[in-house]
Amino acid sequence: MAVAEGTSKDRGQGGARIWLLALGMFAIGTDLFIVSGLLPSMARDLGLSTAAAGQSVTVFALTYAVAAPVPAGLTSAVDRKTVLVVVLIVFAAGNALSAFATSYAVLLLSRAVAGAGAAIYASTASAMAAGITPPERRGRSLAVVYAGMTTAIALGVPLGSAIGDFSSWRWAFGFVALLSLVALAGLWPALPSVPGPGGSGVRRRLAVFRVRHAPAALLVTAFWVVGTFVVYTYLGALFDRAGHVGTGLRPWLLLLFGVGGFAGVMAGGRLADRVNPRTALATSVALLAVVLAALSPALRSPTGTAVALTAWGFAHWCAFPLIQHRLLHIGGRHGDMLLALNQSALYLGQTLAGALGGLLVGAGRLESLPWAGAAFELLALLVVVVGATGAAHRRRTGPARPGQLPGAGAAADARAGAGSAPAASARPTPSDAGRAPAGPAD
């Protein structure tokens with residue numbers, strides 16, 4: 001991907017484009033989190049049980065997780081602007097179909113359509129943000145894009161729920177469709193045309209999973225997600241058990257989680273640009289483990305709960321731009337594919353978190369959820385530390401080549417080994433467009 005020029009005008013235009021990409025993420029984030037509050041009214045309207053209506057969330061999540069890498073591979077040769085425009089239209093159409101659904105089958109179909117659009121948008125928007133931003137500001141740009149997601153937790157979900165309570169759950173989905181169309185109207189004229197990294201077949205694109213460090217990095221994402229969502233999914237039940245947080249206070253506490261998340265994602269973006277992302281990631285994950293371990297005693301008072309949820313949102317979301325930045329470096333010119341696989345890791349982690357939390361709650365171990373969350377964060381931290389140890393050993397034995405695929409061929413190996421100059425000093429070529437700068441992370 002071409003990188004934006006460094007003039008003040010270009011930086012201003014680039015900043016506006018990044019915020020427009022964030023608006024699309026705001027729409028997706030609202031859609032992700034809004035449904036749980038609408039399930040009872042959806043079930044009544046369509047003559048379903050609440051459990052059956054809840055499968056619409058499962059369909060969205062599984063489509064997001066499973067379908068994300070495949071469309072990313074199929075669209076790899078398509079201009080990135082075109083991809084974003086098309087998937088925003090698909091996402092808006094899915095939500096519009098949800099709004100007009102008259103049967104269970106149509107509802108599930110609409111959530112699958114919306115999930116596919118959301119998955120492709122999220123990974124493509126991240127890659128676009130990195131591609132139109134100078135390398136020294138790449139972490140902050142990724143943070144701004146995902147600030148749209150954290151803002152949705154703080155503002156979009158309460159607003160969408162209020163719309164559903166005031167009128168109908170159908171209008172809430174209509175609100176999400178409208179948000180995506182507003183983002184589309186802004187992005188269409190503002191975004192530059194950015195060539196895709198090039199198509200090489202879905203199988204070849206999925207081979208990026210075997211790039212050095214990639215499986216471990218995706219495992220970190222999965223553990224990190226499980227650690228938070230095994231607790232967050234059942235937060236209402238924890239509030240009920242603690243007995244100090246009334247229903248009127250809960251929206252404000254969730255708002256604090258979103259505010260902390262916004263601050264965290266912006267801080268993580270700045271850290272990614274200024275320090276070793278691996279070190280910053282390890283620190284944020286360790287902080288998250290501490291916060292989750294302290295959650296149970298914090299829930300004994302409203303003040304403690306407010307402080308804990310703000311710190312939780314900060315620590316959790318601080319890690320995300322660091323994860324994204326590291327994946328772009330690891331993947332090299334295949335970084336966009338790793339971002340798509342990372343979306344799968346996110347949603348598979350959420351699915352596992354819900355199942356594990358359900359098992360613990362069913363076994364009468366509700367109070368153990370924060371400890372389980374802290375344990376998964378420690379597992380994520382362990383993977384990061386082990387990876388750092390291995391990277392240090394490899395630096396002593398020979399340089400790593402980010403983005404090198406297995407079986408790339410002797411010619412590629414010969415080219416890579418022909419020169420001894422560091423990657424950062426090499427002159428960029430068209431095939432390197434969009435590659436994250438080589439750095440100390442791995």
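Analyst: Quick definition before we start: a helix here is a DSSP run of H or I with at least four residues, and helices are numbered from the N terminus. Keep in mind that this is a predicted model.

User: Okay, where is Asp79?

Analyst: Take the two helices on either side of Asp79, H3 (69-74) and H4 (80-99). Asp79 sits in the loop between helix H3 and helix H4.

User: And which side chain of opposite charge is nearest to Asp79?

Analyst: Asp79 is buried and has no salt bridge. A salt bridge needs the side-chain nitrogen within 4 Å of a carboxyl oxygen, and here the nearest opposite charge is 6.8 Å away. The backbone nitrogen of that residue does lie 2.9 Å from a polar atom of the Asp79 side chain. The nearest side chain of opposite charge belongs to Lys81.

User: How many salt bridges does a search of the whole structure find?

Analyst: Arg111 and Asp31 make one of them, at 2.7 Å from N to O. Asp45 with Arg170 is another, at 3.4 Å, and Arg241 with Glu367 comes in at 2.3 Å. Searching the whole structure gives four.

User: Is Arg111 buried or exposed?

Analyst: Arg111 is in helix H5 (residues 104-131), and its partner Asp31 is in helix H1, 80 residues apart. Asp31 has a relative accessible area of 1% and is buried. Buried means under 20%, and Arg111 has 1% relative accessibility, so Arg111 counts as buried.

User: How many residues apart in sequence are the parts that Asp45 and Arg170 tie together?

Analyst: Asp45 is partly exposed at 44% relative accessibility, and Arg170 is partly exposed too, at 22%. Asp45 lies in helix H1 and Arg170 in helix H7 (residues 169-190), so the pair ties together parts whose separation in sequence is 125 residues.

User: What distance separates the C-alpha atoms of Ala22 and Leu142?

Analyst: Ala22 is in helix H1 (residues 8-46) and counts as buried at 4% relative accessibility. Setting aside residues up to four places away in sequence, Ala22 touches Val144, Val145 and Gly148. Ala22 and Leu142 are 120 residues apart along the chain, yet the distance between their C-alpha atoms is 9.2 Å.

User: How many residues of H9 are buried?

Analyst: Helix H9 (residues 214-232) reaches 27 Å from its first C-alpha to its last, close to the 27 Å expected. H9 is mostly covered: of its 19 residues, the number buried is 16.

Notes. Residues are numbered from 1 along each chain as its sequence is written. This is a predicted model: local features need pLDDT of at least 70, side-chain atom pairs count only at pLDDT 80 or more; totals for chains, interfaces and linings use all residues. Side-chain values use heavy atoms; hydrogens and water are left out. Buried means under 20% relative accessible area, exposed over 50%, partly exposed in between (1.4 Å probe, protein chains only). Lys and Arg count as positive and Asp and Glu as negative; His and the chain ends are not counted. A polar contact is a pair of N or O atoms within 3.5 Å; within protein, one must be able to donate a hydrogen and the other to accept it, and residues adjacent in sequence count only if both atoms are side-chain atoms. The expected span of a helix is 1.5 Å times one less than its number of residues. Contact means heavy atoms within 4.5 Å.
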